Amino acid sequence: MIPLSWYLILAAALFGIGLFGVLVRRNAVAILLGVELMLNAVNINLVAFWRYGDVTSMAGQVFAIIVFAVAAAEVSVGLALVISVYRRRNTVIADELDLLKW
Amino acid sequence: MNFWNDPLKVAAVWLEGIFTGWGMDAVFAHVLVVFLGVFLLITLLMVLDIFLVWIERKVVARFQDRIGPNRLGPFGLIQPFADIIKLIIKEDTTPDGADKVVYNLAPILSMMSVLILWAVVPLAPVMLGIDLNVGVLFVIAAGAIGTLSIIMAGWSSNNKFAMIGGFRQVAVMVAFEVPMLAMLMIPTIFAGSMNMNAIIEAQSVWFFFISPLAALIFLIAAIAELGRAPFDLAEGESELVAGFNIEYSGMKFGMFYAGELLHAFTFGGFWSILFFGGYRFFGLEQVSPFLAILILIIKAMLGYWVIMWVKYTMMRIRIDQMLGFNWKFLTPLSFALVLVTALMNTLLRGADSWLFVTGMFLSNVVVGWIALEIARSVARKERERVEGPTKVVEAHH
Amino acid sequence: MTGEQIIFLIVALFTLGSALMVVTTRNLIHAALWLVATLFGVAVIYALLNAGFMAVVQVVVYIGAIAILFIFAVMLTRKDLRDNTPQTNKNWWGGALLAVLTFAGLVFTLQGWSGFSKTAAAVPSGFDAISQLGDQLTSPAAYVLPFEVASVLLLAALVGAVYIAFNKK
C-alpha cells in the first residue's frame, strides 16, 4: 500500500519545481506555466488528503474542483493580459516591462 | 457461462489457464491476456477502417451520381488496400525546419485519441472495455487529446498555411465542445448515471424520441468536432490547401485521413448509443453478444451514413459564421434545453411512461420553436438594417 | 514493492521529470508540451487515488483547454521563430535555493505530523463518489455557495479576458 507521505512528497516537489519556474524564468508566459504547476501540486495534496481521510466527506474533492475553476480563470485573464502587453510594448520578457519602476 | 453467452470471459479464462500452465505468474498472465484483448480490438478496428474508406468512396460517388471505384476486385473492394499500399510506399518527408519530435508525434496522437474512445463503447451487455462510471465525460477527454494533436501538427510543420489551418480547426473544436458537453448531460439526466451501460439500460424508449432536439444538437456539435463538412474550413482544398496536414505525406497523412473516418464512425456509434438505444433492439441483444455487436455496428453504420449524407450535401461554412453560430445560437440553446429538460424531468418523474415521453417531446419542440423564432427575428432585423424595410407590394386587381 | 507502488513510482518520476523540463527548456512550445505531459501524469495520480472523476476533468479542463490556451499564447507572443536566448534570469541560483528550501521545509514540517505515514482505508463498497460529489456541490447545507461564486468568477474572467485581449481596430 502507498503511504500518504509519498503523495505529500510528490506534491511538495512539484510545488518546488513550479516555484523555481516562477522565480527564475524571463518570459511572462513561462512564469504562468510555473504557476500552473504550483496549482496542480496543491490539487494533488487536496485529493490525497480526501482519500486518506474520511472518504465519504467530499470536502477535498469539492475544494479541488473550485481550484480547477480558479486556475482556469486565472490562466485566461493572465494570458489575455500578456497578449495585450505584447501588442503594446512588443515584448513579453518580464525584465523589460518596467515602466512602473522608479 | 458458455461461449455464446460470454465469449470474451470464456476466452480469457482459457488463455490464462494455458499461460499459468506454462508456469507464468497469475497476475502476469492476466495482464498479458488484457493486452491481447486490446490488441484484438485495435486490429479489428483498423480492418474496419480500411472498409470505411471503401464505404466512403462508394457513398460519395452515389451522392454525386457516379459509380465510384469498381475496377479493383468485385465492386472495387480491393481499392482501399491499393490505397494503403500506395500510402505506405510513398516517400516519408519531413519539412525543413520542422520540429521532428512533435511532427512525428502528431499523427500518432491523433490516431490514439480515436482508438481510446473504443475503451468505453459497450459492444454488448457483457462486453465492455472498461466500465467507467464517467464514460460520457471520457469521450470529451479523448476529444481534448485529438485537439492537442491537431495544434501540434499545425505548428510543427513550419508552414503558415498549416498553422492557420490548425488554429482554425482547434478554435472550432474547442468552441463546439461546449454544446456537445451540454447535450451529453441530457442522457445523463434521463439515465441518472454517466455510465454508458446504464444509459443503454435506461433506453426502454429511445432517447431520440424523448429528446430529439438534444440528438440534433449533439449531431451538429459532433460533426464540427470531427472537422467534417460543412465545418471543414480548416482542410478545404480551395481554402487552405489542406490545412494542418499540408506537410504530411505517406502513411502519416494516411493516419490523419483514416483516423478522421474512424472518428466519424465512432461518433456515429456514440450517437446511436446515446440516443438510439445502442445494442438494444426489442430484446434481441439478450440472445447472444454477437447479435448485440451486430446491432451496434448496424446502428453505427446508419449514424455514419447520416454524417456522410450531411457532408456530401451541404456547403462549407465560413469560420466566423461557424463560431458565431456556436457562441450565439447553439450554446444558449443547449443550456436552455438542459434547464428545461431537468425541470421537466423533475416534474414528470413518477409519471406514466407515455406521459413522460410526450411531455418531454413537446417541451423539446417548444424550445426549438422559440429558438428558431428568435433567430428569425434577429436575422430579419439584421437584414432590415442592411437593406431597409421590405416594401409591401400591393396587389393589382 | 507491490505493483501499485511500482506504478506510483513510475508515474511520479514521469510527472516530476516533465515538470523539470517545463521550467528549464528554452523553446517555449516545448515547455507547453511538457506541461501537457505533466498534467497527464497528475491525472494518472488522481486515478490512483480513486478519484476517477477528477482525473477525467483534469484531462478535459487542463489539457483540453488550458494547455491549448498556453500554446496559442506562446504562438501569439513570439518575435522570431527560433528562441535561442537564455531563458533564465541572472538570479537563477537564488530561485533554485529558495525552491529547494521550500521543498525541504514542507517535508520537514509534515514529518512531525503523526498521520504522515498512514495507509489508505479501503473505499466503502457501493460508494458512488460522483453522485455524492453532485449532492455536495448543489445542496444548500453543503457547498452550493462556493460553487455559485466560482461560476460568477468564471463569468467575470470570461468577460474580462475577452475585453482585455480584444483587438480594437
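The following legends describe close-up views of a predicted model.

**View 1. Contacts among the chains.** Two pairs of chains are in contact, and of these 2 pairs chains A and C share the most contacts. Chain A and chain B, by contrast, do not touch. The nearest C-alpha atoms of chain A and chain B lie 14 Å apart.

**View 2. The contact between chain C and chain B.** Chain C contributes 16 residues to this contact, and chain B contributes 17 residues. On the side of chain C that touches chain B, the elements giving two or more residues are α2 (28-48) and α3 (52-76) of chain C. Of the elements on this side, α3(C) gives the most, with 12 residues. By residue type, the side of chain C that touches chain B holds 14 nonpolar and 2 polar residues, and no charged ones.

**View 3. The loop between α2 and α3 of chain C.** Asn50(C) is located in this loop, between α2 and α3 of chain C. The phi of Asn50(C) is near 60 degrees, a positive value in a residue other than glycine. Most residues other than glycine have a negative phi. Asn50(C) counts as partly exposed because it has 17 C-beta neighbours inside 10 Å, whereas a buried residue would need 20 or more and an exposed one 12 or fewer.

**View 4. The domains of chain C.** Chain C is divided into domain 1, covering residues 1-80, and domain 2, covering residues 129-169. Taken over C-alpha atoms, the centres of domain 1 of chain C and domain 2 of chain C are separated by 23 Å.

View 5. Helix α1 of chain B comprises 15 residues, namely residues 7-21. At 1.5 Å a residue, helix α1 of chain B should span 21 Å. Just after α1(B), Gly23(B) takes a positive phi of about 100 degrees.

**View 6. The loop between α2 and α3 of chain B.** Phe75(B) is found in the loop that runs between α2 (26-63) and α3 (79-89) of chain B. The phi of Phe75(B) is positive, near 60 degrees, in a residue other than glycine. With 13 other C-beta atoms within 10 Å, Phe75(B) is therefore partly exposed.

How values were computed
Residues numbered from 1 in each chain as written. Chains lettered and ligands numbered in written order. Predicted model: local features only at pLDDT ≥ 70, side-chain atom pairs only at ≥ 80, totals over all residues. Domains from an automatic or database assignment. Helix = DSSP H or I, 4+ residues; strand = E, 2+ residues; numbered from the N terminus. Expected span 1.5 Å × (residues − 1). Contact = placed C-beta atoms within 7 Å. Nonpolar A, V, L, I, M, F, W, Y, C, P; charged D, E, K, R; others polar.
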